[in-house]
Amino acid sequence: MRNLPPRPPLSKRGAAYLIKKTETINKSINKKATAKTVYTTARQTKTFADSVIAILKGMSGIGGRCMFCGSNESSQVDHFSPKDTYPTSAMTWENFVWICGVCN
């Protein structure tokens with residue numbers, strides 16, 4: 001993994017959004033399935049794009065370089081700890097990474 005600057009905090013709106021989504025997952029009986037649905041739906045929202053995606057791209061440097069290998073082909077938000085294994089972390093800010101398709 002590349003040496004990156006410290007992770008900046010999310011906006012209040014972005015942080016509240018992720019907390020709400022995490023609570024939805026935590027309340028679910030089938031956390032794995034709920035995490036997948038919540039994440040898939042959230043990725044398509046303006047709140048997710050304006051907070052999570054924008055900050056991750058900014059952290060990755062000029063050209064949106066992959067946080068793992070440094071390739072400038074990165075174009076995906078992924079999870080450091082897989083959401084299938086750790087569904088309760090699927091919507092936590094600290095678990096998101098900007099990553100290329102090869103590393104994903």
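The following questions and answers explain how terms are applied to this predicted model.

Q: What makes the pair Asp 50 and Lys 46 a salt bridge?
A: The closest N and O atoms of Asp 50 and Lys 46 are 2.7 Å apart. A salt bridge requires a side-chain nitrogen of Lys or Arg within 4 Å of a carboxyl oxygen of Asp or Glu. The pair therefore meets the definition. A search of the whole structure finds one salt bridge.

Q: Where do Asp 50 and Lys 46 lie in helix H3, and how are they separated?
A: Asp 50 and Lys 46 are four residues apart in helix H3, which covers residues 46–60, so about one helical turn separates them.

Q: Why is Lys 46 called exposed, whereas Asp 50 is called partly exposed?
A: Lys 46 has a relative accessible area of 58%, and the term exposed applies over 50%. The value for Asp 50 is 42%. Buried means under 20%, and partly exposed covers what lies in between, so Asp 50 is placed in that middle class.

Q: How do you know that there are zero disulfides in the structure?
A: A search of the whole structure finds zero disulfides. A disulfide needs two cysteine sulfur atoms within 2.5 Å. For Cys 66, the closest cysteine sulfur belongs to Cys 100 and is 3.8 Å away, which is too far for a bond. Cys 100 is likewise in no disulfide, and the nearest cysteine sulfur to it, that of Cys 103, is 3.8 Å away.

Q: Are Cys 66 and Cys 100 buried or exposed?
A: Cys 66 has 0% relative accessibility, and Cys 100 has 3%. Buried means under 20%, so Cys 66 counts as buried, and so does Cys 100.

Q: Which residues have the most contacts inside the largest nonpolar core, and how many residues does this core have?
A: The largest nonpolar core has 25 residues, and those with the most contacts inside it are Leu 18, Phe 48, Leu 56, Met 91 and Phe 96. Two or more residues come from each of helix H1 (12–27), helix H2 (31–42), H3 and strand E2 (96–99). H3 supplies the largest share, six residues. In soluble globular proteins, nonpolar side chains tend to be buried together.

Q: Which residues does Leu 18 touch, not counting residues up to four places away in sequence?
A: Leu 18 touches Leu 10, Phe 48, Val 52, Met 91, Thr 92, Trp 93 and Phe 96 on that basis.

Q: What makes the span of H3 close to the expected one?
A: H3 has 15 residues and reaches 20 Å from its first C-alpha to its last, while 21 Å is expected at 1.5 Å a residue. Just after H3, Gly 61 takes a positive phi of about 95°.

Q: Which residues of H3 are buried, and what do they pack against?
A: The buried residues of H3 are Thr 47, Phe 48, Ser 51, Val 52, Ile 53, Ile 55, Leu 56, Met 59 and Ser 60. They pack against H1, H2, strand E1 (76–79) and E2.

Q: Why is Thr 22 called buried, whereas Ala 15 is called partly exposed?
A: Thr 22 is found in helix H1, and Ala 15 also has its place in helix H1. The relative accessible area of Thr 22 is 13%, and buried means under 20%, so Thr 22 qualifies. Ala 15 stands at 28%, between the limits of 20% and 50%, so Ala 15 counts as partly exposed.

Q: How do you know that Thr 22 and Met 91, 69 residues apart in sequence, come together in space?
A: Their C-alpha atoms are 5.6 Å apart. Thr 22 also touches Met 91, along with Thr 88 and Thr 92, not counting residues up to four places away in sequence.

Q: Are Asn 95 and Thr 88 buried or partly exposed?
A: Asn 95 is found in the loop between E1 and E2, and Thr 88 is also placed in the loop between E1 and E2. Asn 95 has 5% relative accessibility, and buried means under 20%, so Asn 95 is buried. Thr 88, with a relative accessible area of 34%, is partly exposed.

Methods:
Residues are numbered from 1 along each chain as its sequence is written. This is a predicted model: local features need pLDDT of at least 70, side-chain atom pairs count only at pLDDT 80 or more; totals for chains, interfaces and linings use all residues. Side-chain values use heavy atoms; hydrogens and water are left out. Buried means under 20% relative accessible area, exposed over 50%, partly exposed in between (1.4 Å probe, protein chains only). A nonpolar core is a set of buried Ala, Val, Leu, Ile, Met, Phe, Trp, Tyr and Cys residues joined through side-chain atoms within 4.5 Å. Contact means heavy atoms within 4.5 Å. The expected span of a helix is 1.5 Å times one less than its number of residues.
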